[in-house]
Amino acid sequence: MANKTSSFTKSNSEVFSPNRLSVDGASKFLQAKVLDLSHNQISDNGAASISESLKHNSSLTMLNFSQNKITDVGVLYLSDSLKYNSSLAALGLSHNKISDDGASLISESLEHNTSLAVLDLSHNQITDFGASEILKSLKCNTSLILLNLEGNKISDCKMSLILCELDINKDSVKCAQKKNSRNPLLALRYKKNINIGQFEKKYLK
């Protein structure tokens, strides 16, 4: 079974319905550090608006899109923004409509992203093919250490390979932490106003 992400806190977060939100409007909400948009009926249009603003955002560290209506189309925009964003450390996309195509897009973005540490893709429509694509990106990505893929159609064998790569990243992060790295992921640990719960307790002791 895949490692589970911690629950995203709803305290100090903004909640709104962004499906008709302009890019300028979305940028105002992204000034928060934690943004919980779960259970908001967000469609691909809403994901697109937020993604465009997310590209050059430097304040948001946790974004939760869980329990919405985002498909691979919305993931296309999100994955593109992850290639440019350098502050987001946790992203929740559980219980959406993401298939292997979406997993492939996310995989491509992980090859460029250096800040994302927690990714929740649980309860989507990802199979071994999509998991294989993510596995490829983990061989060059060094920041992701917590990935939730439960509730998908992924074999135990494939999950074992993914967990091995995550363990390598985890060891690298701990090593960098000892050297006082300025990596955004490590800096997150010292922001007392952000509750990263089990994530911090288990991986950033």
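Which residues have the most contacts inside the largest nonpolar core? In this predicted model, they are Phe 65 and Leu 121, and the core to which they belong has 36 residues. Five helices, namely α2 (44–54), α3 (72–82), α4 (100–110), α5 (128–138) and α6 (156–178), each supply at least two residues of this core. The largest share comes from α5, with four residues. Another core, of seven residues, lies apart from the largest one; among its members are Ala 90, Ala 117, Val 118 and Leu 146. In soluble globular proteins, nonpolar side chains tend to be buried together.

The surroundings of Phe 65 were examined beyond its neighbours within four places in sequence.

The protein chain as a whole contains eight helices and six strands. From the N terminus on, these elements follow the order β-α-β-α-β-α-β-α-β-α-β-α-α-α. Of the 205 residues in the chain, 55% are buried. Contacts between residues at least 6 apart in sequence join residues at least 24 apart in 82% of cases. The accessible surface of the chain comes to about 9600 Å², and carbon and sulfur atoms account for 48% of that area.

Helix α4 has buried residues at Asp 100, Gly 102, Ala 103, Ile 106, Ser 107, Ser 109 and Leu 110. The elements that cover these buried residues include α3, β5 (118–120) and α5.

Asp 36 is part of strand β2 (residues 34–36). His 56, by contrast, is located in the loop between α2 and β3 (62–64). The C-alpha atoms of His 56 and Leu 82 are 9.7 Å apart in space, while the two residues are 26 residues apart in sequence.

Key. Residues numbered from 1 in each chain as written. Predicted model: local features only at pLDDT ≥ 70, side-chain atom pairs only at ≥ 80, totals over all residues. Heavy atoms only, no water. Core = buried A, V, L, I, M, F, W, Y, C linked by side-chain atoms within 4.5 Å. Buried < 20%, exposed > 50% of the residue type's maximum accessible area, 1.4 Å probe, protein only. Contact = heavy atoms within 4.5 Å. Areas by Shrake-Rupley, 256 points an atom, 1.4 Å probe, with all protein chains shown as cover.
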